[in-house]
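Dear colleague,

Please find below the sequence and structure that I am handing over to you. A summary of what was found follows.

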Amino acid sequence: MTAKIISGTEVAAQIREELKGRVAKLKEKGVTPALAVVLVGEDPASVSYVTAKAKGAEEIGMHEETLRLPADAAEEKVLQTVDKLNKDPKFHGILVQLPLPKHISTDKVISFISPEKDVDGFHPVNVGRALRGEPCPLPCTPHGVQQMLVRSGYDPDGKHVVICGRSNIVGKPLTAILMQKKKGANATITICHTGTKDIGYYARQADILVAAMGVPKAITADMVRDGAVVIDVGVNRVEDKTKEKGFRLVGDVDFDAIKEKAAAITPVPGGVGPMTVTMLLMNTVEAAERKAGLAK
Ligand SMILES: NC(=O)c1ccc[n+]([C@@H]2O[C@H](COP(=O)([O-])OP(=O)(O)OC[C@H]3O[C@@H](n4cnc5c(N)ncnc54)[C@H](OP(=O)(O)O)[C@@H]3O)[C@@H](O)[C@H]2O)c1
């Protein structure tokens, strides 16, 4: 069997087309969805993520502003910036680009964002709402994984989903999303981590296997059953002297071997990655729709 390749680039483009329509509808009502991004410092990876978010927002007709603070900005200054944005009715979504410099408490800053504007879905109130299955902005990467599955014809309903990795940004919220008694969810979940003895034992029982560990080739072909759907969230740099930058990006699964066994698999790059920014845009549009009374 050679697996179908689930293209995040294609699913993301489809969602962005839909978002353009939703933005146009909001504009007809006099509302322009607006996203504020706070960037502290000039970490190159963060700068490139922020640029992608700004470009994506512009392409679907949203308003976006990036507020740049120096790397040595005091925590108080960051909190004041967030406070201003919380109070500014022009903005529907606020995103503080992570990681923050070490002298700033990420938890404090995230908890300071108004839950209604928390388009990353990391505020403790939204984490609780997500677990309870209440309407709220869902964390972008796991929400993107759910959308990729559903839109590619692999609805998790009734399936056994094994998630490798229990971080607060991927594994745990994906569990919260897929366990709900809802359309596009309703799955049976197993979650594995470094305390799991024999991950392969659990992984081989997966209808849908999600790898979010941050370890290249952590999932090998012997850990995947024939016909499983494999979602690779991992993004890892490995040295590659043939590349101009001296490295290439790989996921957490042994793609070449597993694609011969799985029914479907996501590539890296071009898999989950493009979905993350798209779901951020969706959360911002949804926040604007909620405020305009067009969504729950
Ligand atoms: N495509 C995207 O947009 C996107 C977004 C976010 C993250 N990512 C990528 O996804 C990967 C995971 O990110 P993250 O932020 O969730 O990472 P993280 O915070 O480092 O968490 C990694 C998780 O994997 C578990 N783990 C690590 N090594 C393991 C092993 N050998 N066996 C079993 N479990 C293991 C850890 O277990 P413990 O809890 O026991 O330590 C932890 O729960 C990274 O490669 C990251 O770059 C991609």
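**Ligand shell**

By class, the shell around the ligand holds 12 nonpolar, 12 polar and one charged residues. Here Ala, Val, Leu, Ile, Met, Phe, Trp, Tyr, Cys and Pro are counted as nonpolar, Asp, Glu, Lys and Arg as charged, and the others, Gly among them, as polar. The shell comprises 25 residues, and Gly165, Ser167, Thr194, Gly214 and Thr276 are the closest to the ligand. A residue counts as near a molecule or strand if its C-beta atom, placed from the backbone, lies within 6 Å of it.

Please note that this is a predicted model, in which local features need pLDDT of at least 70 and side-chain atom pairs count only at pLDDT 80 or more, while totals for chains, interfaces and linings use all residues. Residues are numbered from 1 along each chain as its sequence is written.

**Overall form**

The protein is divided into domain 1 (30-116) and domain 2 (140-274), with bounds that come from an automatic or database domain assignment. The C-alpha centres of these two domains lie 28 Å apart. Along its principal axes, the C-alpha trace of the protein spans about 55 × 40 × 35 Å. The radius of gyration is 19 Å, which agrees with the value near 19 Å for a compact globule of 296 residues; it is taken over C-alpha atoms, and the globule rule is 2.2 Å times the number of residues to the power 0.38.

Of the 296 residues, 44% count as buried, meaning that 20 or more other C-beta atoms, placed from the backbone, lie within 10 Å of the residue's own. Among contacts (C-beta atoms, placed from the backbone, within 7 Å) between residues at least 6 apart in sequence, 69% join residues at least 24 apart.

**Strands and sheet**

The secondary structure comes to 10 helices and 11 strands; these are DSSP runs numbered from the N terminus, with at least four residues for helices (H or I) and at least two for strands (E). An open sheet of six strands has the order S1-S11-S8-S7-S5-S6, with parallel pairing. Strand S1 (4-5) and strand S6 (188-192) stand at its edges with a single partner strand each, so one side of each has no neighbour in the sheet. Two strands pair if DSSP finds at least two bridges between them.

Within this sheet, strand S7 (residues 208-211) is joined to strand S8 (residues 229-232) by four bridges, and Ala211 has Asp232 as its bridge partner in S8. S7 also pairs in the parallel sense with strand S5 (residues 160-164) over four bridges, where Val162 stands opposite Leu209. Ile208 and Val210 point one way from S7 and Leu209 and Ala211 the other way, and all are buried.

Strand S2 (residues 34-40) has seven of its seven residues buried. Ala34, Ala36, Val38 and Val40 lie on one side and Leu35, Val37 and Leu39 on the other. S2 pairs in the parallel sense with strand S3 (residues 63-69) over seven bridges, and Leu35 stands opposite Glu64 in S3.

**Helix H7**

Helix H7 (residues 171-178) is largely enclosed by the rest of the structure, because seven of its eight residues are buried. Its buried residues pack against helix H5 (124-132), helix H6 (140-151), S5, S6 and S7.

Yours sincerely

Technical notes: A residue is buried if 20 or more other C-beta atoms lie within 10 Å of its own, exposed if 12 or fewer, and partly exposed in between; C-beta atoms are placed from the backbone. Two residues are in contact if their C-beta atoms, placed from the backbone, lie within 7 Å.
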